[in-house]
Amino acid sequence: MTERMIENRIRKLQAVEAQLKELEAQAEALRTELKADLEEKGLDELQTANFVIRWKEIASSRLDSKALKASFPDIYGQFVKQSCCRRFTVA
């Protein structure tokens, strides 16, 4: 690709990402509206003719790796696993 082609593709990418951001904001506003309606009705699940929406509290247990590392650095070192990935950025 030529530099001009790259520049055009970056501009197009930025425009698509801006549209995506706007659509995600709209989707989040709709989610917030639905959640507020469920809370107002005192429900955690609502069934319509075509959909079931749920807004339930979920409890989970997770390992506090910072506390483990601080308290037992040797054990932490034995079980830590390094991972690698590639990151694409445009600045």
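Predicted model: local features only at pLDDT ≥ 70, side-chain atom pairs only at ≥ 80, totals over all residues.

**Cysteines, fold and the first helix**

Q: How many disulfides does a search of the whole structure find?
A: The search finds 0 disulfides, a disulfide being a pair of cysteine sulfur atoms within 2.5 Å.

Q: Is C84 buried or exposed?
A: C84 counts as exposed, at 74% relative accessibility. C85 is exposed too, with a relative accessible area of 69%. Here buried means under 20% relative accessible area, exposed over 50%, and partly exposed in between, with a 1.4 Å probe and protein chains only.

Q: And what share of the protein counts as buried?
A: Of its 91 residues, 1% count as buried.

Q: Which elements does the protein have, from the N terminus on?
A: The elements run α-β-β-α-α, giving 3 helices and 2 strands. Helices (H or I, at least four residues) and strands (E, at least two) are DSSP runs, numbered from the N terminus.

Q: How spread out is the protein?
A: The radius of gyration is 23 Å, well over the 12 Å that the globule rule gives for 91 residues, so the protein is more spread out than a compact globule. The radius is taken over C-alpha atoms, and the rule is 2.2 Å times the number of residues to the power 0.38. Along the principal axes, the C-alpha atoms fill a box of roughly 55 × 50 × 20 Å.

Q: What should α1 span at 1.5 Å a residue?
A: The 39 residues of α1 should span 57 Å, and its end C-alpha atoms are 57 Å apart, which agrees. The expected span is 1.5 Å times one less than the number of residues.

Q: What comes just after α1?
A: G42 does, with a positive phi of about 70 degrees.

Q: Where does L34 lie?
A: L34 is in helix α1, residues 3-41, and is partly exposed at 45% relative accessible area. Its C-alpha atom is separated by 9.0 Å from that of W55, 21 residues apart along the chain.

Conventions
Residues numbered from 1 in each chain as written. Heavy atoms only, no water.
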